[in-house]
Amino acid sequence: MGTEAMFGLTGKDFVILAADGQAAYSIIRLKNDADKIWKVGNMLFACSGPPADTANFMEFIEKNVKLNELRTGIPMSTKAAASFTRNELAHALRKGPFQADLLIGGIDNEGPSLYFMDYLASSEKVNKAAHGYGAMFTLGLMDRYWKPDLTEAEAIDIIKKCIKELETRFIVDLPGFKCKIVSKEGTKDVTL
Amino acid sequence: MEAINLAGSTVGVLAEDGVILAGEKKTTSKLLDQAKQHEKLFQLDDTMFCAVAGITSDANILINRLRLTAQQHAYSFSECMPVEQLVTSICDLGGSVRGALGGDYKQGYTQFGGLRPFGVSFLVAGYDTHHGFQLYHTDPSGNFSGWKSYAIGVNNNTAMQIMRQDWKPGMKLQEALEPRHGKLSFWLRELTAKVLVKTMDTASPTAERLEFGIVYKTPEGQVKLRMLKDAEINKLMADATPKEGEEAAASAS
């Protein structure tokens with residue numbers, strides 16, 4: 001969990017999420033192009049942690065959100081999805097916890113929302129967030145450069161700065177960062 | 001179904017800016033403790049309430065269930081439950097995402113277990129951001145549908161006929177409260193004349209016998225739900241009465 005890097009921030013009318021592409025087993029790098037950002041409904045969920053837990057938990061959430069959409073005919077709002085996800089983490093916490101840290105991004109009627117959620121089921125709506133040791137490097141940079149109503153270009157620029165910093169100063173070499181944006185038009189990949 | 005058709009008449013009307021539910025209480029007596037008297041209209045959530053016709057004890061179970069479901073939804077999703085979803089939950093096989101519950105609701109009771117169905121019909125009125133103001137009717141079979149105007153209980157057919165003529169799209173709450181009242185009180189009079197209520201003064205439908213509730217939006221855009229106070233009800237009924245006089249005169253001549 002610590003050696004994975006995930007971060008995200010809100011823009012004018014979009015949310016951008018970035019996550020490293022490393023899938024490791026002990027000291028072996030199994031994959032350097034892993035995609036840790038899940039498309040759930042019309043939202044993006046970036047999830048880090050042991051692949052067993054993240055896959056299990058994310059598939060569960062993904063399908064439940066889908067079921068809800070089918071039953072009600074309405075897409076789930078980011079707030080509702082975040083609340084539901086947090087609840088699932090909270091229920092499991094004192095039984096068999098999911099070791100999953102999440103960043104949830106989506107667009108609602110009120111605008112873009114980014115939720116920081118961790119494996120202890122804490123959840124906060126924020127403008128910029130990061131998980132893992134990488135957070136120690138990226139949060140400061142995001143604090144320095146973030147401002148309200150960022151354009152996509154500006155936001156991507158900040159993400160690039162963050163990745164550069166990790167490459168420079170983080171002892172763990174994290175390859176294959178994936179970056180995605182969610183906006184009113186839907187989700188799309190960003191080539192960095 | 002029989003119990004429901006003999007229950008106190010209950011009417012719901014959908015207006016552009018709100019929904020009204022009104023019901024006639026069957027059990028009025030000088031000895032009844034008025035303060036605790038909630039027989040027809042029940043609040044389910046901040047944005048939803050319902051009117052009941054049928055077996056009260058059955059209704060209580062379902063109302064509890066509706067309230068619980070609404071709160072469970074708010075707990076999981078940090079959002080008020082949409083009206084249609086709440087209605088479906090009581091009609092179908094339990095709405096919990098975490099899996100079906102045993103002893104499924106209304107429909108379940110018609111198909112499984114050798115139990116009898118709930119002898120209750122509901123009119124559920126409420127607001128949500130997806131579909132605005134809504135009015136639904138449910139029956140013991142677990143069927144439900146959305147309505148612009150509906151009546152259950154005694155003389156519901158008569159009431160429906162009148163409403164068929166009088167309901168127009170674009171009606172606003174105030175307007176809906178009045179002309180419909182005119183009909184409501186007219187029809188209630190007819191109904192009370194038919195129903196044997198010896199202790200009542202049948203000439204004047206008063207707040208004692210009626211419950212009225214509305215869900216509406218304030219000018220600031222906040223959704224509010226409230227039961228009308230006795231004074232308001234009496235005024236509405238009084239306003240409606242002169243019209244009645246004209247109609248009675250018209251039909252007499």
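Visitor: Is A:Lys147 buried, partly exposed or exposed?
Guide: A:Lys147 is partly exposed because its relative accessible area is 39%. Keep in mind that this is a predicted model, where local features need pLDDT of at least 70 and side-chain atom pairs count only at pLDDT 80 or more, while totals for chains, interfaces and linings use all residues. Residues are numbered from 1 along each chain as its sequence is written, chains are lettered from A and ligands numbered from 1 in the order in which they are written, and side-chain values use heavy atoms, with hydrogens and water left out.

Visitor: Which side chain meets A:Lys147 in a salt bridge?
Guide: Side chains of opposite charge can pair when their charged atoms come close. The criterion here is a side-chain nitrogen of Lys or Arg within 4 Å of a carboxyl oxygen of Asp or Glu. The partner of A:Lys147 is A:Glu154, at 2.9 Å from N to O. A:Glu154 counts as partly exposed because its relative accessible area is 31%.

Visitor: How many salt bridges does a search of the whole structure find?
Guide: Over all chains, the search gives 9. One of them joins A:Lys188 to A:Glu152, with the closest N and O atoms 2.9 Å apart. This pair links distant parts of the chain, 36 residues apart: A:Lys188 sits in strand E12 (residues 186-190) and A:Glu152 in helix H4 of chain A. Helices (H or I, at least four residues) and strands (E, at least two) are DSSP runs numbered from the N terminus. By contrast, A:Asp157 and A:Lys161 both belong to helix H4 of chain A, 4 residues apart, about one turn of the helix. Their salt bridge has its closest N and O atoms 2.9 Å apart.

Visitor: Which residues are linked with A:Glu4 in a network of salt bridges?
Guide: The network contains A:Asp20 and A:Lys36 along with A:Glu4. A:Glu4 lies in the segment before E1 of chain A, and it counts as buried because its relative accessibility is 11%. The side chain of A:Glu4 also reaches the backbone nitrogen of A:Gly49 at 3.0 Å.

Visitor: What makes up the largest nonpolar core?
Guide: In soluble globular proteins, nonpolar side chains tend to be buried together. A nonpolar core is a set of buried Ala, Val, Leu, Ile, Met, Phe, Trp, Tyr and Cys residues joined through side-chain atoms within 4.5 Å. The largest one has 25 residues, and those with the most contacts inside it include A:Phe7, A:Leu9 and A:Met142. Elements giving two or more residues to this core include strands E1 (6-10) and E2 (14-19) of chain A, and H4(A) supplies the largest share, 7 residues. Another core, of 24 residues, lies apart from it, with B:Leu14 and B:Leu21 among them.

Visitor: How many residues of chain B are in contact with chain A?
Guide: Contact means heavy atoms within 4.5 Å. By that test, 11 residues of chain B touch 14 residues of chain A. The two chains bury about 1,200 Å² between them, 51% of it on carbon and sulfur atoms; buried area is the accessible area (1.4 Å probe) that two parts lose on being put together, summed over both. The count of salt bridges between chain B and chain A is 0. Helix H2 (residues 56-77) of chain B gives the largest share of the side of chain B that touches chain A, 3 residues.

How values were computed. Buried < 20%, exposed > 50% of the residue type's maximum accessible area, 1.4 Å probe, protein only. Polar contact = N/O pair within 3.5 Å; in protein donor to acceptor, adjacent residues only side chain to side chain.
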